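This briefing goes through one protein model by topic. Please keep the sequence and the 3D view open while reading.

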Amino acid sequence: MPVTEFSVSEKYKYQNGFNAYHETEAVEGALPVGANNPQKAPLGLYNEKLSGTAFTAPRHENQQSWLYRILPASAHAPFAPRENSTYNTNPENKPHERIHQIPNQLRWDPFDMDETVDWVHSLHLVAGAGDPIMKAGIGMFIYAAGKDMHEHEAFYSADGDFLIVPQHGVLDIQTELGRILVRPNEICVIPRGIRYRVTLPEGPVRGYILELYQNHFTLPDLGPMGSNALANSRDFQAPVASFVEDHDGQNTYTILSKFAGHLFAAEQKHTPFDVVAWHGNYYPYKYDLGRFNTMGSISYDHPDPSIFTVLTAQSDRPGTAIADFVIFPPRWLVAEDTFRPPWYHRNTMSEFMGLIHGQYDAKTGGGFQPAGASLHNIMSAHGPDASTHEKASNAELKPMKVGEGSMAFMFESCLMVGVTDWGLKKCAKVQSDYNAESWEPLKPHFKRPTPGKMLNDLPRGSDGKIGDKSQVPHWTS
Ligand SMILES: [Fe+2]
């Protein structure tokens with residue numbers, strides 16, 4: 001079915017379209033007509049511009065929105081460091097907690113829930129590359145939380161865009177631009193700078209985050225597939241304007257900023273969620289992975305997994321992604337004379353995988369579990385585990401549905417991804433037997449042809465030349 005049947009019902013309205021130019025007003029007449037910056041904005045609101053790209057970025061990359069709000073975002077006291085000694089999501093800032101670049105294949109048991117913390121304090125950097133200070137690279141986080149953010153708090157990351165992949169629990173996200181409900185099998189992108197508050201209407205939550213320090217996510221080109229395939233533009237949902245009035249100075253609000261991997265806090269005497277209307281193409285959005293229009297082979301072999309790309313963020317080199325978000329959804333396999341799981345491979349790209357639910361069809365041995373993860377770094381060899389190879393090599397090649405009830409995903413990057421101290425040691429989830437369980441049991445199946453059939457054993461004539469051309473492929477003499 002092309003839509004996920006969620007156990008928790010939707011409760012908000014959205015406007016549809018990826019990178020579409022949206023406009024929305026919670027009160028009729030709040031949006032100015034024509035001018036973005038009138039001398040007096042309608043209804044006594046303030047004009048505010050939120051730019052997600054440089055002013056002069058090419059038109060097809062340019063992202064910005066105009067916000068019409070009760071008080072501008074700048075109306076707050078200065079930021080001060082908050083929990084500077086404990087909150088650190090950029091280990092490059094702390095040389096003794098640097099990211100470890102290692103060639104091992106890594107796999108993690110399911111990460112623990114933590115019901116003692118809220119969204120902001122649930123973020124654990126597992127792996128990453130680059131540096132938000134240079135707006136270069138990515139961070140990969142696990143979040144696990146059990147508490148709502150305080151009623152009078154809002155959080156934003158100045159470091160990058162958050163691509164949030166819930167594995168367990170529901171996120172109710174109040175953003176400046178409107179409200180979004182995100183459930184497992186949906187993803188959500190909150191661009192750099194947008195302020196939001198996360199509450200947990202169904203209890204504890206856990207999931208994965210890819211933070212993109214550079215550029216923004218976009219849809220992959222479809223090439224010969226044509227104009228509709230994979231994630232279709234119309235299925236991305238952006239919030240409609242929704243605001244709160246609390247400006248009498250009675251309540252103190254805290255704005256929390258993730259800035260170069262550290263946490264800062266500033267206070268203000270009014271709600272930050274007071275945007276009455278907005279228009280533009282820089283906004284948070286969500287997408288139901290059940291709507292992905294999966295493509296694949298209907299003859300033989302299977303395509304590269306790039307054919308399962310939902311969103312991509314390109315580097316300066318065309319076709320080479322700083323980050324691809326790739327999924328392995330339920331799908332039909334029909335290819336003839338084909339080893340149907342992924343091939344054994346070593347890639348110049350690095351691959352961080354997670355599992356939302358079910359069982360990933362390339363890893364049936366049981367070690368790759370929902371809420372766990374794996375990392376196959378640059379040129380680190382991997383592929384199906386021994387049991388999967390055995391089954392797939394002998395399977396009857398009839399049409400079959402794989403991944404039913406399952407959703408695995410991959411954050412793929414052209415960068416060498418390192419692992420933090422937390423990811424390698426403190427979380428205590430790294431499986432020491434990953435290779436022993438997956439690939440070391442692989443048995444050789446090679447059988448030497450009978451003598452006389454091998455190229456170098458062919459009978460030779462008295463002149464020393466091979467005598468039977470029919471036995472020699474690509475005969476050239
Ligand atoms: Fe791979």
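Predicted model: local features only at pLDDT ≥ 70, side-chain atom pairs only at ≥ 80, totals over all residues.

What share of the 477 residues in the protein chain is buried? Buried residues make up 52% of them.

**Overall build**

- The protein chain contains three helices and 28 strands.
- Taken along the principal axes, the C-alpha atoms fill a box of roughly 105 × 45 × 40 Å.
- Among contacts in the protein chain with a separation of 6 or more, 77% are between residues 24 or more positions apart.

- Glu351 counts as buried because its relative accessibility is 5%.
- His382 also counts as buried, at 6% relative accessibility.

- With a relative accessibility of 4%, Asn377 counts as buried.
- Leaving out residues up to four places away in sequence, Asn377 touches Ile102, Asn347, Met349, Ser350, Met416 and Val417.

**Aromatic rings**

- The structure holds 22 aromatic pairs.
- One of these joins Phe18 and Phe236: the ring centres are 4.9 Å apart and the planes are at 70 degrees, so the pair is edge-to-face. The cut-off for that class is over 60 degrees.
- This pair links distant parts of the chain, 218 residues apart: Phe18 is in the loop between β1 (14–16) and β2 (22–25), and Phe236 is in the loop between β15 (205–212) and β16 (237–239).
- Phe18 and Phe236 are both buried.
- The rings of Phe409 and Phe411 have their centres 5.0 Å apart and their planes at 55 degrees, so that pair is tilted.
- Phe409 and Phe411 are both buried as well.
- Phe409 and Phe411 also belong to a cluster linked by ring pairs, together with Trp108, Phe111, Tyr208, Phe325, Phe352 and Trp422.
- Arg183 lies over the face of Phe6, at 3.8 Å from the ring centre.

**Helix α1**

- Which residues of α1 are buried? They include Ala386, Thr388, His389 and Ala392.
- These residues cover an arc of only 155 degrees around the axis, which puts them on the same side of α1.
- An α-helix has 3.6 residues a turn, so residues three or four places apart point the same way.
- Lys391 and Asn394 are exposed, on the face of α1 turned away from its buried side.
- The cover over the buried residues of α1 includes α3 (434–438).

**Arg179**

- Arg179 is part of strand β12 (residues 178–182).
- Is Arg179 buried or partly exposed? Arg179 counts as partly exposed because its relative accessibility is 28%, and the cut-off for buried is under 20%.
- Apart from neighbours within four places in sequence, Arg179 is in contact with Tyr12, Tyr14, Ile173, Gln174, Pro239, Val240 and Ser242.
- From C-alpha to C-alpha, Arg179 and Ser74 are 22 Å apart in space, and they are 105 residues apart in sequence.

**Trp278**

- Strand β19 (residues 275–280) holds Trp278.
- Trp278 counts as buried, at 0% relative accessibility.
- Where Trp278 and Ser65 are concerned, 213 residues apart in sequence goes with 6.8 Å apart in space, C-alpha to C-alpha.

Methods:
Residues numbered from 1 in each chain as written. Heavy atoms only, no water. Helix = DSSP H or I, 4+ residues; strand = E, 2+ residues; numbered from the N terminus. Buried < 20%, exposed > 50% of the residue type's maximum accessible area, 1.4 Å probe, protein only. Contact = heavy atoms within 4.5 Å. Phe/Tyr/Trp six-rings, centres within 6.5 Å; stacked < 30°, edge-to-face > 60°. Lys NZ or Arg CZ within 6 Å of the ring centre and 35° of its normal. Arc of directions from axis to C-beta.
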